[in-house]
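These are my notebook entries on a single structure. I record what I looked up and what I found, topic by topic.

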Amino acid sequence: MTTLTEKLQTLLYRLGVGGYHLLIRAAAVFGVGQARKWVDGRKKQDLKALNKALLKDPTLHPRPRPKDSAGFRLIWMHCASLGEFEQGRPVLEALRRTHPHWRVLLTFFSPSGYERCRHTETADQVAYLPPDGPGNAERWLAAVRPDVAIFVKYEFWFFHLRALNRAGIPTFLVAGSFRPGQLFFRSGGDWWRRMLGYFTAIAVQTEKDLALLTGPGNVPEDQVVVTGDPRMDRTLQLAEQPFEDEKLEGFTRGAATVVIAGSVWPADVDLWKKVFPELPAACRLVLAPHQLHEKEISGWVNDFAAVRYSTAATEEVISARVLILDTIGVLSRVYRYGDLAYVGGAFKTGLHNTLEPMAYGLPVVFGPHHQKFPEAAEAMRRGGAFSIRSAGELSKQLFHLFDVSNARRASQAQLTLAALNGGAGSRTAAEIVDRLTFAAKSAEDDL
């Protein structure tokens with residue numbers, strides 16, 4: 001029975017989410033591009049057409065549609081944005097390898113994720129998640145009718161989860177990542193812990209996540225499993241693919257140490273301005289901006305006497321000490337040309353991808369704001385990654401890693417951790433299939 005307190009908390013949540021959505025709509029009115037896309041994308045979404053595409057019109061989908069012995073045929077995976085999709089994709093790919101007739105509906109909260117993935121071959125249909133609310137959640141399920149729902153990492157939408165639970169649809173959280181300060185684990189957090197109970201099972205990245213959920217989270221132990229971070233699967237695949245680049249080969253040839261500074265912001269580059277003049281002449285630096293702002297890049301060219309990847313001839317690159325990688329889509333492969341990595345973002349919005357350099361065994365250095373990234377914490381614990389707070393600490397850590405024996409130990413720690421996380425997508429998919437099969441068998445036994 002729902003108590004008065006729970007009803008009040010549900011109302012407060014609804015008001016809070018409604019206010020959040022109202023702010024997005026207000027931002028759209030004032031011309032904020034992403035907000036406008038968020039609003040327009042949902043306005044244009046036709047649930048009847050989506051229903052037809054998923055369930056009624058076989059001409060839209062060439063795949064056969066037989067149900068398997070467990071009776072499941074449509075998976076709905078929801079991701080906040082592109083980064084979460086990269087975590088969920090290995091799970092989907094593993095499911096489709098073993099069950100090629102299963103269909104996939106992929107949804108996003110963010111326009112950036114939707115637009116980048118709207119034509120992905122991993123899914124049959126891509127859509128926006130309707131704003132969270134009891135009516136929207138019920139209408140969504142009535143139109144989509146999924147057999148399985150999968151949420152990625154930290155997507156907790158109360159009314160959508162409650163609707164799935166009431167409909168008896170198996171629901172999984174994959175690549176789960178939790179922190180002690182979250183509302184789930186606080187005194188008086190019973191209402192938030194209800195959402196954890198709506199999941200059939202939760203696949204988490206680390207043992208610390210498991211301890212939080214089964215301890216203060218009050219989730220039964222048989223509903224939580226540690227499967228690792230599925231992003232590692234994709235990252236290792238990219239690392240194994242052939243890649244050659246004449247400019248990068250010329251730039252790195254003969255260098256004693258090559259540092260790849262990936263996804264850097266101005267705050268990160270400010271540190272490198274102070275540190276780089278102190279480094280040995282045989283050290284070379286690749287700066288890969290997180291955002292390609294022409295004014296910033298032009299300034300960095302002057303600050304470092306650097307050359308730009310997009311415009312420099314190979315002969316110019318060979319004689320330079322700093323190369324600015326002013327292009328997108330190649331950073332994950334460029335790390336193979338490095339000896340050390342610096343990953344940006346941890347002096348600003350949050351740490352960017354540390355798994356990409358890990359896949360090549362590169363020791364990684366980053367700033368102080370990494371607490372929300374369990375893969376960074378584990379790499380630090382094992383001795384493959386290092387956090388710094390100032391230019392002085394960056395300089396000290398670089399010279400520590402210039403020592404061959406120190407670099408070798410850190411590199412081996414990174415490779416070991418990458419190998420441990422490899423296969424997380426397949427492990428997670430296997431857990432989902434096993435639990436679905438068990439549930440179907442139990443239902444048959446009850447008849």
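Entry 1: I began with Leu8, whose place is in helix H1 (residues 4–29). Helices here are DSSP runs of H or I with at least four residues, strands are runs of E with at least two, and both are numbered from the N terminus. The model is predicted: local features need pLDDT of at least 70, side-chain atom pairs count only at pLDDT 80 or more, and totals for chains, interfaces and linings use all residues. Residues are numbered from 1 along each chain as its sequence is written, and side-chain values use heavy atoms, with hydrogens and water left out.

I looked up the exposure of Leu8 and found it partly exposed, at a relative accessible area of 46%. In my notes, buried means under 20% relative accessible area, exposed over 50%, and partly exposed in between (1.4 Å probe, protein chains only). Leu8, Leu11, Leu12 and Leu15 make a nonpolar surface patch of about 400 Å². Patches are made of residues with over 30% relative accessible area and no salt bridge; like charges are joined within 9 Å, and nonpolar side chains (Val, Leu, Ile, Met, Phe, Trp, Tyr) within 5 Å. Accessible areas come from the Shrake-Rupley method with a 1.4 Å probe, and for residues only the protein chains shown count as cover.

**Entry 2: strand S1.** I asked why S1 (residues 74–79) is described as largely enclosed by the rest of the structure. The reason is that 6 of its 6 residues are buried. Leu74, Trp76 and His78 point one way from S1, while Ile75, Met77 and Cys79 point the other way.

I then looked up the strands that pair with S1, where pairing requires at least two DSSP bridges between two strands. S1 pairs with S4 (residues 148–152) in the parallel sense over 4 bridges, and His78 has Phe151 as its bridge partner in S4. S1 also pairs in the parallel sense with S2 (residues 103–108), over 6 bridges. Cys79 has Phe108 as its bridge partner in S2. From S1 the chain passes through helix H4 (residues 82–98) to S2, a β-α-β crossover that is right-handed (with the strands pointing away from the viewer, the path from the first strand over the helix to the second runs clockwise).

**Entry 3: salt bridges.** How many salt bridges does a search of the whole structure find? I recorded 15, each a side-chain nitrogen of Lys or Arg within 4 Å of a carboxyl oxygen of Asp or Glu.

I examined H4 for such pairs. Arg89 bridges to Glu86, with the closest N and O atoms 3.0 Å apart. The two residues are 3 apart in helix H4, so about one helical turn separates them. Arg89 is buried at 12% relative accessible area, whereas Glu86 is partly exposed at 23%.

Arg96 forms a salt bridge with Asp124, the closest N and O atoms being 2.7 Å apart. This pair links distant parts of the chain, 28 residues apart: Arg96 lies in helix H4, and Asp124 in the loop between helix H5 (111–117) and strand S3 (125–128). Arg96 is buried at 12% relative accessibility, and Asp124 is buried at 13%.

In helix H12 (residues 266–275), Lys273 and Asp270 lie 3 residues apart, about one turn of the helix. Their closest N and O atoms are 3.6 Å apart in a salt bridge. Lys273 is partly exposed at 33% relative accessible area, and Asp270 is partly exposed at 38%. Finally, I noted that salt bridges with shared partners join Asp229, Arg231 and Glu375 into one network.
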